Amino acid sequence: MIINKLYKTLLLLAFLSTSSFSVGIPFDLENEIADIPINKANYSIHIQSVHSKSPIASWRTHVKRSPASVIKLLTTYSSLLKLGFDYRWKTKFLYTGSLRNGLLNGDLYVKASGDPTLESEDIADIVSQIRAAGISRIKGNIVIDRTLFKVQRKNNSGFDENLYSPYNAMPDAIMFNKRKSTICITPRSKRAAISKDVPDKSYNVVNKLKMVNGSCRGSRAWPKVSIKTNNAGRSTVLLTGKLSKRCGERKVCKVVSMPHRAFYYALKDGLKHRGIKFSGTLKLKKVPTRAKYLFSHYSETLESVISTILKKSDNLVARQLMFTMGAVSFKGQSTLYKSRKAVENTLNKHYILEKGTTFIANGSGLSRSSKLTAKSLANLLDHGYKNYGQRWMDTLAIAGIDGTIKRRFRHSAVYGRAWMKTGTIKRVKNIAGYVEGASGELYVVVVLVNDTYSRKYGAKLANKVIEWVARTL
């Protein structure tokens, strides 16, 4: 114990003394990373015990960097401060007209709240509550109110060329299946069987697959997928190429339908299966003040949602959460500007963000305009541990065990001893979180790398820093 304290004192002295290229990095850590060919001006390193006010390492921590997905820490932690672990989204169901003897002679309204967890598995519960409310026939329409969020009328963010990939999906007040449409392909001897996870008629699937013999490998393992969208926003998914008859079921997940349409078709199908008659159509309109309340469908807890965002780096759910912050913090419709201000204002109340250094963009990291400093991240992580401890830490990916670092650190001293959030886009390789030192002490560790060689060497640099903490402190 005495030797341990002595060593930490020596490290602190090393931090205060001059080294070959930086006063901010202990000499032995400096030696560990000296051979990595990344310009020293292009990375930031911060290491600090959660029980100390003085960092052990602090290199270019006030420099603004592109955060990529580590900015999700700002989105999630601000929501935790504002809403609490047990917060749930509430999708309200209301009606107009009259409800007598099982007949709803009017419209069924759905007031969307931005619930990012709403999915096909929830339809059965929703339909059961509709039936429990005494409804066996709906003579009017299903009307969805998605006005809580002011968002663009497009499916994808256009961050890169993969427009229909799930990570590019845009937020919406009514979210369903995370905006993904899943096409199931089952090989048959002559022709593959095609089905949709939701009977969504708003997009088409054209099957031009050729079934062939041979192993399910290479060009015979997966269909080729191309998508065309017309001016009305309706998409056609074209399946081509060769697929082996020996392959199992294949699932193609793409963003090709508006979430309100997917939800409508899923609900309509659910009503049919439960014998609730419905002959109307889909309408989009704000809930009128005269509408009468039926029931609410509740989401999973914020704690569960935060874990999804941080462990899996879910871009869409992060954006849903940021818009929710705007809706909760300001009156009226939530906008991108309100959402950014809500996150910033919440964190600034606790003096977490360095003044004039942060730009949140969309809250997910799919942006090259976002900016953040290592010191702001360190402030957030320190505050998070002091206020929520292990419960907050456990929402992060655990080294070698789950999330984005499940395969990282699996065979190192860091295994099971680091709780981290990663961030990767072109020329950016970042990581931030907590690392348990050899003494059992917990350290905040932030490594931000913005360099041409980030993809090749960024993780190597960060790994050496993290392993040094786990091995020596």
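How do the residues of the lining of the largest pocket divide into nonpolar, polar and charged? They split into 7 nonpolar, 8 polar and 7 charged, where Ala, Val, Leu, Ile, Met, Phe, Trp, Tyr, Cys and Pro count as nonpolar, Asp, Glu, Lys and Arg as charged, and the others, Gly among them, as polar.

Before going on, a word on the model. It is a predicted one, in which local features need pLDDT of at least 70 and side-chain atom pairs count only at pLDDT 80 or more, while totals for chains, interfaces and linings use all residues. Residues are numbered from 1 along each chain as its sequence is written, and side-chain values use heavy atoms, with hydrogens and water left out.

Back to the pocket, whose volume is about 450 Å³. On a 1 Å grid over the protein atoms alone, a pocket is an open set of points where a 1.4 Å probe fits, with protein on both sides within 12 Å along at least five of seven lines, and lining residues have an atom within 4 Å of a point. Grid points are joined across faces, edges and corners, and the volume is the space filled by probe spheres set on them. Of the 22 lining residues, Ser69, Tyr167, Lys312, Ser313 and Asn315 are the closest to the centre. Strand 21 (418-425) and helix 7 each give two or more residues, and strand 21 has the largest share, with 5. Helices (H or I, at least four residues) and strands (E, at least two) are DSSP runs, numbered from the N terminus.

Now turn to strand 8 (residues 142-145), which is covered on both faces: Ile142 and Ile144 on one side, Val143 and Asp145 on the other, are all buried (under 20% relative accessible area with a 1.4 Å probe, protein chains only). Strand 8 runs parallel to strand 6 (residues 108-111), joined by 4 bridges, with Tyr109 opposite Val143. Strand 8 also pairs in the parallel sense with strand 18 (residues 282-284) over 3 bridges; pairing requires at least two DSSP bridges.

Why does Ile144 count as buried? Because its relative accessible area is 1%. Its bridge partner in strand 18 is Leu284. Leaving aside neighbours within four places in sequence, Ile144 is in contact (heavy atoms within 4.5 Å) with residues including Val110, Ile174, His260 and Phe263. His260 lies 116 residues away from Ile144 in sequence, yet the two are 7.2 Å apart in space, C-alpha to C-alpha.

Terms used:
Buried means under 20% relative accessible area, exposed over 50%, partly exposed in between (1.4 Å probe, protein chains only).
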